[in-house]
Amino acid sequence: MFTLKNLNLFLIFFWISFCDAQIYDLIIKNGHVIDPKNNIDSKLDIGIADGIIKKVSNHIPSENSKKTINAEDMYVVPGLIDIHTHVFVGGTPDVFANGRNSVAADNFSFRSGITTMVDAGTSGWRNFPTFKKNVIDKSETRILVFLNIAGNGMSGNPILTGLVDEEYITNITSDKKYNQQDIVDMDAKKTASVIKENNDVIIGVKIGHYEGKEIIPFERAIEAANIANVPVIVECHLPELSLENQLNMMRMGDILSHTYENVDERETVIDEDGKVRDYVIKAKKRGVLFDVSHGGYGFWFNQALPALKKGFKPDTFGSDLHKFSMNKGMKSILNIMSKYLNMGMSMNDVILRATWNPAKIIKRKDIGSLSVGNDADISVLSLLNGNFGFVDAAGYKIIGDKKLQTELTLKEGVIKWDLNGLGAKKIK
Ligand SMILES: [Zn+2]
C-alpha cells in the first residue's frame, strides 16, 4: 500500500540519487588501490570532483560521473613523491643551480608517476627567489625544497658562471666567494629566515658537496634546521667527516642520502663481513632516516642486497634526479621501485616508500595518500612481467621479472600523463 511513509522514503531515495548523479568529474574504477597511509590494499573505486578525492569505496556507479577510467589489472596509488631531485633548471652550463645539470620537473615527473618533487639543495638562501620565480611557480609538478646551507646552492663557482651581480664581483677576495665551498656564505640565520618566509615550499635544509676539512658547514646546517624546525638532508661527499660522525651529528628525522654508496670518500653501510655496521643500526634506531638517493653513483647492489637481507630497508626512494643519473642505472623512481620489487620487497612496502613515508618525513601530511579531501594526485601503474635488467652504479645488474610502468598520472584531478589512452575516447 502506498502510504505517506512510503512517499517520504521514495522522496529521500530520489533526493539521494539526484544528489549522487554526475557529482564526480572522474571515477577510477576497478583498480587495485594501495594507500599505505590508510591501510588500503584492495580493489576499490575512487571518485574525484573539483580536483579533490571525494570518495574511495567498493563501488561508485559510472552514471555518477562525467568520465570513467577503467584501471582493471592495474595498481592505483597516491601520486609518487621523489624526495631527492635537482630541478633548478636554467641556462648556465655545467652547474646545477639555475643550470643545465638540473632537469625540468614537468618534463620528467608525470611520465614517471611523480606529482611531487623535492629539490635537494640545488638552491640556497641567495638564489631561492630565482628558483621560485622561474621554476617552482611556473611548474605543474608540486616542487618542494631542501634549502642548501651554501647561499648559492649547487652553483659551482659563481664568478665563472655569472650567478652573482656586479657588487659581489667587485668585492671578491677569494675564488670561493659565494660558491658552494664558501663557508662564510653558509649563514644559518639567513637560511632559517628564508625557510620561515617560504614554509609552504621549503621543507628542510641540505648539506653536501663540501670538500674542505671543517665541520662548520654541517654544524651551520643543523643550526639552521633547529631554528626553522625542519629536517636536514645530508648528501655525504664530506670526505673529512666519517660516516659514523655524520650519523652521530644527525638528529631524529634527519635524512642520510646515498645510503648504498660504495665510494672512497665515505664508509659503506655494510662491513667487510657483509653485516650492517653497528653504528648504522644504532642511528636508525635513534630515528635517523635513510634515503636511496640513487643518482649516478649512489646505489650499489653489493650494499643494497646484503642490507635488505639483514632487514635494513631504506625509508624513502629518492632518485637524486639530474641530467646524468636519469641516463644511467637510476633512470626514474619507478626503476628504483622495480629494483626493490625484484630484490624481494612487497608491493605495499615499495609504494609506502614513494608516497606516505616521504610525505611524513617532510611533514606534508596533505600529500602522499588517497585520503578523502586531499588533492587528487594519483598514479595508475601497471606491473609488467618479462625479463628485465636493472643496473647499479658499478655497472653490475640483476635480472628480474617485474617492472612498474606509469599508465596514468593525475595532478589535482587533471590527466597529465596517459600512456595508453585510458582516458581517451575510442575512435568509432
Ligand atoms: Zn643530489
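Two strands are said to pair if DSSP finds at least two bridges between them. Helices (H or I, at least four residues) and strands (E, at least two) are themselves DSSP runs, numbered from the N terminus. Strand 11 (residues 232-235) and strand 12 (residues 255-256) pair in the parallel sense over two bridges, and within this pairing V234 has L256 of strand 12 as its bridge partner. The model is predicted: local features need pLDDT of at least 70, side-chain atom pairs count only at pLDDT 80 or more, and totals for chains, interfaces and linings use all residues. Residues are numbered from 1 along each chain as its sequence is written, and side-chain values use heavy atoms, with hydrogens and water left out.

In general, strands of a sheet pair through backbone hydrogen bonds, either parallel or antiparallel.

The zinc site may be considered next. The zinc ion is coordinated by H84 (NE2), H86 (NE2), E235 (OE), E235 (OE) and D320 (OD), at 2.1 to 2.7 Å. Donors are N, O and S atoms within 2.8 Å of the metal (3.2 Å for Na, K and Ca), and water is not among the atoms, so sites may look incomplete. Along the sequence, the donor residues follow the spacing H-x1-H-x148-E-x84-D. E235 lies in strand 11 and D320 in the loop between helix 10 (301-309) and helix 11, so this pair ties together parts that are 85 residues apart in sequence. Both E235 and D320 are buried, where buried means under 20% relative accessible area, exposed over 50%, and partly exposed in between (1.4 Å probe, protein chains only).

Eight of its ten residues are buried, so strand 1 is largely enclosed by the rest of the structure. With strand 2 (residues 40-49) it pairs in the antiparallel sense over eight bridges, and I34 stands opposite D41 in strand 2. The hairpin of strand 1 and strand 2 has four residues between the strands, and N39 takes a positive phi near 55° there. Strand 1 also pairs in the parallel sense with strand 4 (residues 68-70), over three bridges; in that pairing I28 has I69 as its bridge partner. Strand 5 (residues 75-78) runs parallel to strand 1 and is joined to it by two bridges, with H32 opposite Y75 of strand 5.

S57 is found in strand 3 (residues 52-57). The residue is buried, with a relative accessible area of 17%. Leaving aside residues up to four places away in sequence, S57 touches L44 and D45. A polar atom of the S57 side chain lies 3.2 Å from the backbone nitrogen of H59.

Charged side chains complete the description. A salt bridge is a side-chain nitrogen of Lys or Arg within 4 Å of a carboxyl oxygen of Asp or Glu, and a search of the whole structure finds 18 of them. One of these joins R277 to E272, with the closest N and O atoms 3.9 Å apart; R277 is buried at 16% relative accessibility, whereas E272 is exposed at 70%. D349 and R353 form another, with their closest N and O atoms 3.9 Å apart. Here D349 is partly exposed at 22% relative accessibility, while R353 is buried at 9%. E412 and K411 also form a salt bridge, with the closest N and O atoms 2.9 Å apart; E412 is partly exposed, with a relative accessible area of 38%, and K411 is buried at 8%. Elsewhere, salt bridges that share partners join R142, D375 and D377 into one network.

Definitions and conventions
A polar contact is a pair of N or O atoms within 3.5 Å; within protein, one must be able to donate a hydrogen and the other to accept it, and residues adjacent in sequence count only if both atoms are side-chain atoms. Contact means heavy atoms within 4.5 Å.
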